[in-house]
Amino acid sequence: MSRSIVRQSKFRHVFGQAGKAEQCYDDIRVSKVTWDSSFCAVNPKFLAVIVEASGGGAFLVLPLSKVGRLDKNHPLVIGHSGPVLDIDWCPHNDNILASCSEDCTAMVWQIPDHTPTRPMSEPIVVLEGHSKRVGIVSWHPTARNILLSAGSDNLIIIWNVGTGEPLIIMEDHPDLIYNVSWNRNGSLFCTTCKDRRLRVCDPRKREVVAERLAPHEGIRPMRAIFTREGNIFTTGFTRMSQRELGLWDPTNFEEPIAVLELDTSNGVLLPYYDPDTNMVYLCGKGDSSIRYFEITDEPPYVHYVSTFSSKEPQRGMGFMPKRGVDVSKCEIARLYKLHERKCEPIMMTVPRKSDLFQDDLYPDTAGPDPAIEPEDWLEGRDEDPILVSLRDGYTPPKSRELKVAKKNVLDSRATPQRSLSSCDGTNLPPQLLEKLLEEIQNLKATVLSQEKRICDLENKLSKYTNGTV
């Protein structure tokens, strides 16, 4: 009697498929900055890529539908005065993007649904608190308007973007921070650092709750991400410079759950994790392949599934949230691979004969609504993400404006005394006062009408350029 020794898994036959030429984004000058960032961020509406720019930092934002050759006059986002190092889309608003730069600031941008006609240079909020370059930005997974930034000053700052104020500042890292990853409900985050330590931090207690020295013995940069169950998946190097991955239980850092050696390449492995399928995709900088693994409760816990290979090396990678995949084609993940001059989508698909919705491939996934307000999170409340069904696909909502309520910095200063005779309106004749007020109202009405006219023209232009008219 023969027994099957093949592991049973619905993801055993996942295969990667590169997008056709007409599905790619061409003529994109990807940034050459030597920083281990993904240089790319994507959501169901937009693709954002950090690009080369003279005289400062810039990134490009394209609607997902705008495939093909990039117009050389396409407007960029140019607010930073130094090279942009990292970008991250807000999980709760598909039009909000955070960026950080060598100019020591992080910025938050409201991207319009229509294609703007001129470069964007005005962020909705500038976050100033770091004294050296800021290399990491990461949104909180469940709380509204909470953003984490980490800089080369070894500080981690957690901001309330709605007020533009820092909520928490952590100084627990003695050296450069390589990466930061929130857990599923945002109660903890883990970091890797140049001092070769893996740390688990509780931001509201402002302390490190667990740490492990050298989960990978090599001195090259490590990466770490939380899994759905609360374990930590790491990538790093052995003492002999072999790349390896590990799975750890943060409540017991003595022994790893699993360790697996890969190869001797020197590119840092960037892990992208899908909590719905428990799949992790490893993309090495300079590699021309993407390896993917399934994490399970059974030994050896991290199961190699397959490798997607191509000829061109990757400069960076973007990972689409599950809301943006095509459920009608059994697509379980989509990555956006950056070449030197283009961006290429890569679809990960499970082969199925039926065209019906596959319930087992698509459990309810994290939706776009925040589960908790920043004040509640700061007081100690935790909530899991609000889930949505993908049975009928996902349609991105219309643009929602981010409201920023900045405190007036003048409120905390003494008001200088001014001469009453120079500014007291009671000394003006009533007729002149009425005339001035009337002129102000007329000017306001003119400005509003012109702004509406500009918006209407830009919307009309975007319809023509997108081919919808």
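Residues are numbered from 1 along each chain as its sequence is written, and side-chain values use heavy atoms, with hydrogens and water left out. Because the model is predicted, local features need pLDDT of at least 70 and side-chain atom pairs count only at pLDDT 80 or more, while totals for chains, interfaces and linings use all residues.

**Overall picture**

The chain contains three helices and 31 strands, where helices (H or I, at least four residues) and strands (E, at least two) are DSSP runs numbered from the N terminus. Of its 469 residues, 49% are buried, that is, under 20% relative accessible area with a 1.4 Å probe and protein chains only, whereas exposed means over 50% and partly exposed lies in between. Among contacts (heavy atoms within 4.5 Å) between residues at least 6 apart in sequence, 52% join residues at least 24 apart. The average pLDDT, the predictor's confidence in each residue from 0 to 100, is 89 for the chain, and 89% of the residues score at least 70. Over residues 408-426 pLDDT stays under 50, and the model has three contacts beyond four places in sequence for this stretch.

**Nonpolar cores**

A nonpolar core is a set of buried Ala, Val, Leu, Ile, Met, Phe, Trp, Tyr and Cys residues joined through side-chain atoms within 4.5 Å. The largest has 33 residues, of which Ile28, Leu47, Phe59, Val61 and Tyr336 touch the most other members. Strands S3 (40-42), S4 (46-51), S5 (58-63), S7 (84-89), S9 (105-110) and S28 each give two or more residues to this core, and S4 gives the most, with six residues. Apart from this core lies another, of 27 residues, among them Ile290, Val327, Ile332 and Leu390. Isoleucine 28, leaving aside neighbours within four places in sequence, is in contact with residues including Val49, Leu60, Glu340 and Cys343.

**Pocket and cavity**

On a 1 Å grid over the protein atoms alone, a cavity is a set of points where a 1.4 Å probe fits but cannot get out, a pocket is an open set with protein on both sides within 12 Å along at least five of seven lines, and lining residues have an atom within 4 Å of a point. Grid points are joined across faces, edges and corners, and a volume is the space filled by probe spheres set on the points. The structure holds four cavities of 30 Å³ or more.

| Second largest pocket | about 410 Å³ | Gln23, Lys329, Glu331, Arg334 and Met347, of 17 residues |

The lining of the largest cavity divides into 10 nonpolar, three polar and no charged residues. Strand S1 (15-18), strand S28 (331-338) and S29 each supply at least two residues of the lining of the second largest pocket.

**Two residues**

Glutamine 358 sits in the loop between strand S29 (342-349) and strand S30 (365-366), and counts as buried because its relative accessible area is 10%. Not counting residues up to four places away in sequence, glutamine 358 touches Cys330 and Arg352.

Serine 289 lies in strand S25 (residues 289-295) and is buried, at 16% relative accessibility. Serine 289 and glutamine 314 are 25 residues apart in sequence, yet 8.2 Å apart in space, C-alpha to C-alpha. Beyond four places in sequence, serine 289 touches Leu282, Thr307, Phe308, Ser309 and Gln314.

How values were computed
Nonpolar A, V, L, I, M, F, W, Y, C, P; charged D, E, K, R; others polar.
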